[in-house]
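Have a look at it below, and then we'll go from one spot to the next.

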Amino acid sequence: MSNPIRLVIFGRQGAGKGTQCARLIERYGVAHISTGDMLRSAVADGTELGLKAKAIMDAGDLVGDDVMVGIVRERLAQADAAEKGFVLDGFPRTTAQAEALVMILGADSLHAAIDVDVPVDEVTQRMKARGRDDDTDEGIARRLELYEQETRPVLDWFEARDLLVTIDGFDAEDVVAERLAAAIDQRLA
Ligand code: ADP
């Protein structure tokens with residue numbers, strides 16, 4: 001493919017990004033690059049990165065920009081990302097990461113940044129029900145706080161570059177998946 005699809009997906013923790021990304025991979029044949037999954041697998045493997053990241057993740061804090069940019073840079077350099085395109089999930093989470101991404105990929109390389117919008121009360125309930133290691137009351141509150149503080153400005157950053165598409169994510173999985181695909185197809189048209 002000469003012009004593979006390159007997307008960034010946003011959404012509060014618990015908005016269903018993981019589920020929707022799985023569908024995007026199937027529909028568009030892109031690589032799924034989830035920084036949260038990459039970090040969790042480093043933790044599971046007990047690598048140096050995993051040992052460092054574990055406490056940060058459990059507290060709901062953000063792993064340092066330099067570390068994250070390094071991980072993503074390496075991942076984007078792998079053949080599948082270049083050949084099939086990708087959906088980036090969990091990165092960029094700070095404006096410094098967004099600036100770095102543009103340096104890595106070049107200014108006009110992304111097709112869209114999509115925000116799957118689900119209200120705070122709903123995502124809080126979903127995270128409590130899911131019970132991942134970092135889904136403690138404090139961890140949840142901290143991540144939602146950092147989302148507003150650090151990641152909201154990244155959404156504004158993409159909006160200012162005419163790349164942001166917000167879709168209503170507070171609906172059944174299938175309905176949200178259709179909305180997402182429609183938004184992407186419109187951007188690609
Ligand atoms: P959630 O969206 O529920 O926070 P993720 O799987 O995206 O879940 O991320 C889990 C944790 O991994 C985050 O709370 C954070 O500690 C770390 N993390 C993931 N991506 C990044 C990133 N781009 N920058 C900094 N930390 C990150």
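Let's start with D162, which sits in the loop between α8 (137–160) and β5 (164–168). Helices here (H or I, at least four residues) and strands (E, at least two) are DSSP runs, numbered from the N terminus. D162 has a phi near 60 degrees, a positive value in a residue other than glycine. Is D162 buried or exposed? D162 is exposed, with a relative accessible area of 62%. For these labels, buried means under 20% relative accessible area, exposed means over 50%, and partly exposed is in between (1.4 Å probe, protein chains only).

Before going on, keep in mind that this is a predicted model: local features need pLDDT of at least 70, side-chain atom pairs count only at pLDDT 80 or more, and totals for chains, interfaces and linings use all residues. Residues are numbered from 1 along each chain as its sequence is written, and side-chain values use heavy atoms, with hydrogens and water left out.

Another loop worth a stop is the one between β3 (85–89) and α6 (95–105), where you'll find P92. The peptide bond joining F91 and P92 is cis, with omega about 0 degrees.

Now for the ligand. There are 18 residues around it, and T35, R40, D61, G90 and R143 come nearest; a residue counts as near if one of its heavy atoms lies within 4 Å. Some polar contacts (pairs of N or O atoms within 3.5 Å; within protein, one must be able to donate a hydrogen and the other to accept it, and residues adjacent in sequence count only if both atoms are side-chain atoms) show up here too. A ligand nitrogen is 2.8 Å from a polar backbone atom of G90, and a ligand nitrogen is 3.1 Å from a polar backbone atom of V63. R143 uses a polar side-chain atom instead, 2.8 Å from a ligand oxygen. Taken alone, the ligand exposes 540 Å², and the protein buries 97% of that (Shrake-Rupley method, 1.4 Å probe; for residues, only the protein chains shown count as cover).

How many salt bridges does the structure hold? There are 20, each one a side-chain nitrogen of Lys or Arg within 4 Å of a carboxyl oxygen of Asp or Glu.

| Pair | Distance, N to O |
|---|---|
| D89 and K17 | 3.7 Å |
| R75 and D80 | 2.8 Å |
| R130 and D135 | 2.8 Å |

D89 is buried at 8% relative accessible area, and K17 is buried at 14%. In the next pair, R75 is buried at 14%, while D80 counts as partly exposed at 23%. As for R130, it is partly exposed at 39%, whereas D135 is buried at 9%. Salt bridges that share partners join R130, R132, D134, D135 and R143 into one network.

R6 is buried yet has no salt bridge, and the nearest side chain of opposite charge, D108, is 9.7 Å away. (Lys and Arg count as positive, Asp and Glu as negative; His and the chain ends are not counted.) What does the side chain of R6 reach? The backbone oxygen of S109, at 2.5 Å. Leaving aside neighbours within four places in sequence, R6 is in contact (heavy atoms within 4.5 Å) with F86, S109, L110, H111 and A112.

Terms used:
Lys and Arg count as positive and Asp and Glu as negative; His and the chain ends are not counted.
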